Every structure is written in structure tokens, then in C-alpha cells.
Amino acid sequence: MATIFDYVTAKEIAAYWLEGASNRMPYLGATLFPGTKQLGLDLSWLKGSKGLPVSLKPSAFDTKPTLRDRIGFTKIVTEMPFFREAMTINEKDRQNLNNLIASGNQKAIDVVLGNIYDDAGGLIESAEVVWERMRMQLLSTGKIAITENGNALDYDYGFDTDHMETLETTARWSNLDDSTPIQDIIDWADVIEDDTGTRPTRAICSRATFQYLLNNEAIQTHITNLKLLPTEANVRRVIEEFAQIQIAVYSKKYKNAAGAATQFFPDNVFTLLPAGTLGSSVFGTTPEESDLMTAENADVEIINTGVALTTLKKAEVPVNVETVVSMIGLPSFEGIDTVFIATVHTD
């Protein structure tokens, strides 16, 4: 007779999550920093400005994952940050599943399994969120700061401060009458081209930041002179024509530890990028992948290059399955010197 161990496995959960993920829009950062894998945790493999190793400020080390019902994650820190979170099936779902398995009602079994798989999939999605947070921090600040559960960890990639600018007074883009965004963009692109020989061709900003461009008087004048309508598409067209920059408006959000919706890419920042990828999302090898792939009481699947999904059989009372999602990772940023980060408004 089938048991809970036959239904709740890493293989089944991974297949369920990947089927749903195939219909989702990919994170922007995943296209700019595609995934790659390395053995171990050595930060010297990760390069920042001018090919130098990424610098790490020391922080705490610690061990076991924290169980959760639905939301939140716990991390432990090694040379590269180590993220691990676990959950067990709640007693109601476990009892329902056991009863349904005994009855053989497959449709009802599938409903309960869907709830269980969705919860486990939330852990996998949390790993995706962690990656996008790190990548967007890099593109908006040049650094990564991880502060969760009493731990604080800072990664300094050595971003060139000459490739950053904070606009002041009337130059701020929020000053719709007097600011000159197109000239600003051209000037920033010139800096990168003069320093590196590579000219930016793209930019990232939030929806709120793009509104400055949409309502800017100088840009509206260009649109009027070209006998165009003052639409978002035509703002993009004018900026591309005058500055040769294509803008990606990125306002995708996640829920932070307090449950509040938070943008991956902040308002009031405008980042110029060159064509192509900027680095890699570098995965290390988790303990689960290293030690549990052949364990009798464990089932391990690797998702998206390096996220380890593990189901552990708990045969003692209460009989259960623990699902653990873990990853070790940090972006490399080989293209850091060809990026310009501008803060276009400050309070």
C-alpha cells in the first residue's frame, strides 16, 4: 500500500513547481546574470571591479534551518551566503492525506497534494526571490547587503564611484520643468564609453522613475516637435533616438520579512547597462547535494542550476516528510565597470 513517502518526494514536488514556473515571466536579473555552478564556497572565484575578488565583511555562522508553515526564510552564512529553509506537512493535511491514500480516492488525493506541493513550491520561489534581491541590489547600489534574522552580511564589489552620480537641486528628475534627463543619460553613457570603450545601450528603472521621463517638459517638447502623442511608447522612442538607450521598466515585487510588498529595483535610481550579460548567478554546492544524494531516507532534486530540494523521511512518531530547500550562491559581476548607477531624486 502506498504511503505519504510515495507521494511527497523531491522529484514530484520539483516536477509540479517546474510545470508552473514554465508559465511565469522570468526575473529580469536571471537574464542579466545567468546561472552557473562551482564547487565549494570560495569567494575568490567571484570577481568584482577590475577582476578583483569580492570583499566580504565578517558575520555570524550557524547551523540548522527553522521550520515554517508558509512564509519566511532562515539563512546561515558561510563564505558565500548559505540559504536554507524547511517545512513539514501540517497535521491536518497529513491526516487527510493518510485517510485518502487508504480510501484510494485519487482525485481527492491530488487536491491535498496540490496544497502540499504549493507550500513546498513557496520555498523554491523564496530562493528565486533571494537571487533577484541580490542581483537588483548590485544594479542599484553596486553592493549586496543581507540582513535577516539578526545576521548582517555585506559584499563589496568595488564599484567605481566615478560611475555613480546623485543629482542635486534643479537637476533632479523630479523637477519636471528644469531637469534634462536625455542629456544626463548621454553624459553618463559618455563616461562609461570613455573609461571602458563600451557604450551602454540599455537602462533599468522603476515605474515611478519612468514617470519623471513621461512628464518631463523637455521630453514632452521633443515629442510635440516630432508631432507624436505623449505616450509611454513615444517617450521610449525619443530617448532611444536621442540617447540610443532602451529602457526596461522593472517594478516586480516580493513580500519582505514583514509581509510588505517591496520592489526589487528601487525608485529614483536609473542604471545604464551595456549589451549582453553582466556576470553570473554563481551557485555553490549545498550539503544536501554533497551528502544526501544517495541517502536512503532522503530524496534530492537540483532545480535551476543549484537550488537543492530535499525531502527527508521522518519515520518516528509523528510519521512525516520534511521538505528542505537550500542554496549557496552569490552573483559575480564581471561587467561592473560598464555600468552606471544614477540616483535621480533624493528627498
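**Ground rules**

I number residues from 1 along each chain as its sequence is written. As the model is predicted, local features need pLDDT of at least 70 and side-chain atom pairs count only at pLDDT 80 or more, while totals for chains, interfaces and linings use all residues; side-chain values use heavy atoms, with hydrogens and water left out.

**Overall look**

I looked up the secondary structure and got ten helices and 17 strands. Helices (H or I, at least four residues) and strands (E, at least two) are DSSP runs, numbered from the N terminus. Of the 347 residues, 47% count as buried, where buried means under 20% relative accessible area, exposed over 50% and partly exposed in between (1.4 Å probe, protein chains only). I also checked contacts (heavy atoms within 4.5 Å): among those with a separation of 6 or more, 71% come from residues 24 or more positions apart.

**Helix α5**

I noted α5, residues 106–141, with 36 residues. From first C-alpha to last, α5 reaches 51 Å, close to the 52 Å expected at 1.5 Å a residue; the expected span is 1.5 Å times one less than the number of residues. G142 follows α5 and has a positive phi, near 80°.

**Helix α9**

Next I ran that length check on α9, the twelve residues 232–243: it should span 16 Å, and its end C-alpha atoms are 16 Å apart, which agrees. I find N234, V235, V238, I239 and A243 buried in α9. Down the axis of α9 these buried residues fall within an arc of 140°, so they line one face of the helix; the arc is that of the directions from the helix axis to the C-beta atoms. As a reminder to myself, an α-helix has 3.6 residues a turn, so residues three or four places apart point the same way. The buried residues of α9 pack against α6 (181–196), α7 (207–215), α8 (217–225) and β9 (246–249). After α9 comes Q244, with a positive phi near 55°.

Axes here are lines fitted to C-alpha atoms, for helices over the stretch in contact, and angles run from 0 to 180 degrees between N-to-C directions. I get about 75° between α7 and α9, with their axes 10 Å apart. That makes α7 and α9 roughly perpendicular (angles under 35 degrees count as roughly parallel, over 145 as roughly antiparallel, 65 to 115 as roughly perpendicular and the rest as oblique). R207, F210, L213 and L214 of α7 meet E232, V235, R236 and I239 of α9. I sorted this contact into five nonpolar, no polar and three charged residues. Ala, Val, Leu, Ile, Met, Phe, Trp, Tyr, Cys and Pro count as nonpolar, Asp, Glu, Lys and Arg as charged, and the others, Gly among them, as polar.

For α8 and α9 I get about 90°, with axes 10 Å apart, and therefore this pair is roughly perpendicular too. I219, H222 and I223 of α8 touch N234, V235, V238, I239 and F242 of α9. This contact divides into six nonpolar, two polar and no charged residues.

**Y212 in α7**

I see T209, F210, Y212, L213 and L214 buried in α7. Y212 has 17% relative accessibility and so counts as buried. Not counting residues up to four places away in sequence, Y212 touches W173, S174, L176, N268, V344 and H345.
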